[in-house]
Amino acid sequence: MSQEIEVTLEQSSEDTDTQIQLPINCQEVGKVGSLDIRIYVWPGTLDEIDRFAAADTSKERGGVLVGRISDHSGKINLVIDGFIIATHTDSTSVSLTFTSESWSAIHEERASQYPESKIVGWFHTHPGYGIFLSSHDLFIHQNFFNYPWAVAYVVDPKAKTRGFFAWKAGEIVECTGFHIYDDPGQALHPERYYRPSSQKIASSEQKSDGNG
């Protein structure tokens with residue numbers, strides 16, 4: 001992604017809601033650490049992002065994640081229930097640039113389609129070169145998604161792998177696990193979203209020019 005991205009999340013680092021109901025019917029994917037942010041994602045959101053990512057693997061695509069934030073017993077909980085595709089972007093096979101028009105459209109759609117939700121992070125695709133954050137991806141997250149609850153989600157539509165990244169002790173690290181959730185009584189299939197540890201680390205050198 002370009003360093004010229006313009007981001008305004010329309011909320012502050014204190015903008016959490018301690019009253020939200022956390023999912024009851026949920027299952028862990030991977031292993032969530034005791035000090036890690038708790039991420040809950042509706043499987044339909046993951047599946048829809050997968051379809052969006054697979055629709056064009058010739059270039060990077062992306063957008064933002066929307067949901068709700070809470071702080072229960074001193075732990076950050078993030079409930080992701082949707083996403084907004086970034087339009088008007090400039091993209092290549094190894095880079096994605098959000099323009100001011102992209103952000104205007106994103107904020108307009110969030111207000112109309114997700115009035116009760118907040119922008120809680122961003123996502124983009126790495127078609128064919130693995131799950132990691134490049135130096136430019138890190139620049140974006142450090143400078144524009146520097147709230148303690150903001151996450152990055154990366155999808156490789158060719159390898160069919162995925163990964164979340166979040167803040168931990170002042171650093172951006174890959175999450176070792178997250179939760180999927182659905183309505184009570186609905187079956188959950190965490191194995192569909194699990195990525196073995198042997199596939200976890202990909203060097204940024206896999207990108208020809210280091211852009212994210």
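**Salt bridges in this model**

K59 has a relative accessible area of 31%, so it counts as partly exposed (20% to 50% relative accessible area; buried means under 20% and exposed over 50%, with a 1.4 Å probe and protein chains only). This is a predicted model, where local features need pLDDT of at least 70 and side-chain atom pairs count only at pLDDT 80 or more, while totals for chains, interfaces and linings use all residues. Residues are numbered from 1 along each chain as its sequence is written, and side-chain values use heavy atoms, leaving out hydrogens and water. Searching the whole structure turns up 6 salt bridges (a side-chain nitrogen of Lys or Arg within 4 Å of a carboxyl oxygen of Asp or Glu). Let's visit some of them!

**K59 and D56**
- The partner of K59 is D56, with the closest N and O atoms 3.9 Å apart.
- D56 is partly exposed, at 21% relative accessible area.

**K168 and D36**
- A salt bridge joins the side chains of K168 and D36, at 2.9 Å from N to O.
- This pair links distant parts of the chain, 132 residues apart: K168 sits in strand β9 (residues 161–168), and D36 in the loop between β1 (25–30) and β2 (38–41).
- Strands (E, at least two residues) and helices (H or I, at least four) are DSSP runs, numbered from the N terminus.
- K168 is partly exposed at 38%, whereas D36 is buried at 14%.

**D47 and R192**
- D47 and R192 form a salt bridge whose closest N and O atoms are 3.2 Å apart.
- D47 belongs to helix α1 (residues 43–54) and R192 to the segment after β11 (177–182), so the bridge ties together parts 145 residues apart in sequence.
- D47 is buried, with 17% relative accessible area, while R192 is partly exposed at 49%.
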